[in-house]
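Here is a note for a colleague opening this structure for the first time. Please keep the view open and follow the points in order.

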Amino acid sequence: MPSGCLDTVVRDLEERRDYLCRLTPDRALESPEEAHRFLRDRGLLTRTPDSALPSFFAACHEEPYAPGSRGFGSWPATKYPWYFRLAERPDVHELKVHKGKSILFTDETLPLVDGICRAELERMEGQEDWARLLRHLADAGPSTLADLQTELALKPKDLKLLRYPLELCGAIVSRSVRVELPDGGHAHTSELLRYDQAYPEPLGGARGVHDLVVAAVHAAVLAPEHALARKWFSWKWRFPDDLLDRLLAEGRLERPAPGWVAAPPSA
């Protein structure tokens, strides 16, 4: 295909991506309900704009809480709570399998990672460093951070070091819970669950990394090859080196121009 035609194809896909991923100010999210529709439309959604995957914060198009700062201060000033309200919906599922960062799945897309998370839970149970926490959760059930620190005699930093690799690979899930205080007030903390406690029954049969990558590219509309899959998800050891070549050969992904991949309309 002549280079001019390739440029046109990529430009059209970029415009489609801008529209569907709400990357222009005229497409800014205006309500929590609209945010929910956005997630259901794309299938998965990261919190921060750190990859080609669609991002909640990027779709807000709002000045940061503290301009010029990093971390929380860089979040959208008034819309950031919508993300947490979205994550609490019964048909929305938040995991940390986006390289340790939050990513939302829907009822339709969670089955794409279900088998991987169960396999990772089994793998981590076989490693003594992580098995202690996993065995305790199996016996005690879902537990707050304070309970785990007390019952396992762990300092907050030590518990954080234990939970991070487990959340990273999907073996455990973190959920926000409200704790009532003696003075009548309340506080928010995290509750940790094994993946098989959060989702006792396997979801939708066996699905592999191939299905996940196709769905992720579909969500992104257009993505650079170099960032595909291994930089989007935690399980780089589960992505075969020839994954992209196989998906292209099967017609499940397309290469609209050198260095770019997209999902065909039927994906």
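1. **Terms and model.** Helices (H or I, at least four residues) and strands (E, at least two) are DSSP runs, numbered from the N terminus. This is a predicted model, in which local features need pLDDT of at least 70, side-chain atom pairs count only at pLDDT 80 or more, and totals for chains, interfaces and linings use all residues. Residues are numbered from 1 along each chain as its sequence is written, and side-chain values use heavy atoms, with hydrogens and water left out.

2. **R47.** Start with the loop between β1 (44-46) and α3 (56-60): R47 is found there. Contact here means heavy atoms within 4.5 Å. Not counting residues up to four places away in sequence, R47 touches S55, F56, F57, W75, Y83, F84 and S102. R255 is 208 residues from R47 along the chain, and their C-alpha atoms are separated by 27 Å.

3. **The sheet.** Two strands pair if DSSP finds at least two bridges between them. Three strands form an open sheet in the order β1-β3-β2, and the pairing is antiparallel. Which strands stand at the edges? They are β1 and β2 (92-98); each has a single partner strand, so one side of each lacks a neighbour in the sheet. From one strand to the next, the twist averages 30°. Axes are lines fitted to C-alpha atoms, for helices over the stretch in contact, and angles run from 0 to 180 degrees between N-to-C directions.

4. **Strand pairing.** Strands of a sheet pair through backbone hydrogen bonds, either parallel or antiparallel. Here β2 and β3 (residues 101-106) run antiparallel and are joined by five bridges. L95 stands opposite I103 in β3, and H93 is opposite F105 in β3. On the other pairing, three bridges join β1 to β3, again antiparallel. L44 also stands opposite F105 in β3. The hairpin of β2 and β3 has two residues between the strands, and K99 in the turn has a positive phi of about 55°.

5. **Burial of β3.** Buried means under 20% relative accessible area, exposed over 50%, and partly exposed in between (1.4 Å probe, protein chains only). Five of the six residues of β3 are buried, so the rest of the structure largely encloses this strand.

6. **Helix α4.** Which residues of α4 are buried? They are W82, Y83, L86 and A87. Seen down the axis of α4, these fall within an arc of 135°, so they line one face of the helix. That arc is taken from the directions from the helix axis to the C-beta atoms. Their cover includes α2 (32-42), β1, α3, β2 and β3.

7. **Helix α2.** This helix has its own buried residues: P32, E34, A35, H36, F38, L39 and R42. Just after α2, G43 takes a positive phi of about 95°.

8. **Two positive phi values to check.** Most residues other than glycine have a negative phi, and most peptide bonds are trans. H61 has a phi near 50°, a positive value in a residue other than glycine. H61 lies in the loop between α3 and α4 and is partly exposed, with a relative accessible area of 31%. V221 is not a glycine either, yet its phi is positive, about 75°. V221 lies in the loop between α10 (209-220) and β7 (222-224). Is V221 buried or exposed? At 7% relative accessibility, V221 counts as buried.

9. **Helices α5 and α8.** The axes of α5 (residues 111-125) and α8 (residues 156-169) come within 9 Å and cross at roughly 145°. From α5, C117, E120, R123 and M124 meet P165, L166 and C169 in α8. The residues of this contact divide into five nonpolar, no polar and two charged. In that count, Ala, Val, Leu, Ile, Met, Phe, Trp, Tyr, Cys and Pro are nonpolar, Asp, Glu, Lys and Arg are charged, and the others, Gly among them, are polar.

10. **S174.** This residue lies in strand β5 (residues 172-180). S174 is buried, with a relative accessible area of 16%. Leaving aside its neighbours within four places in sequence, S174 is in contact with R163, E167, S190, E191 and L192.
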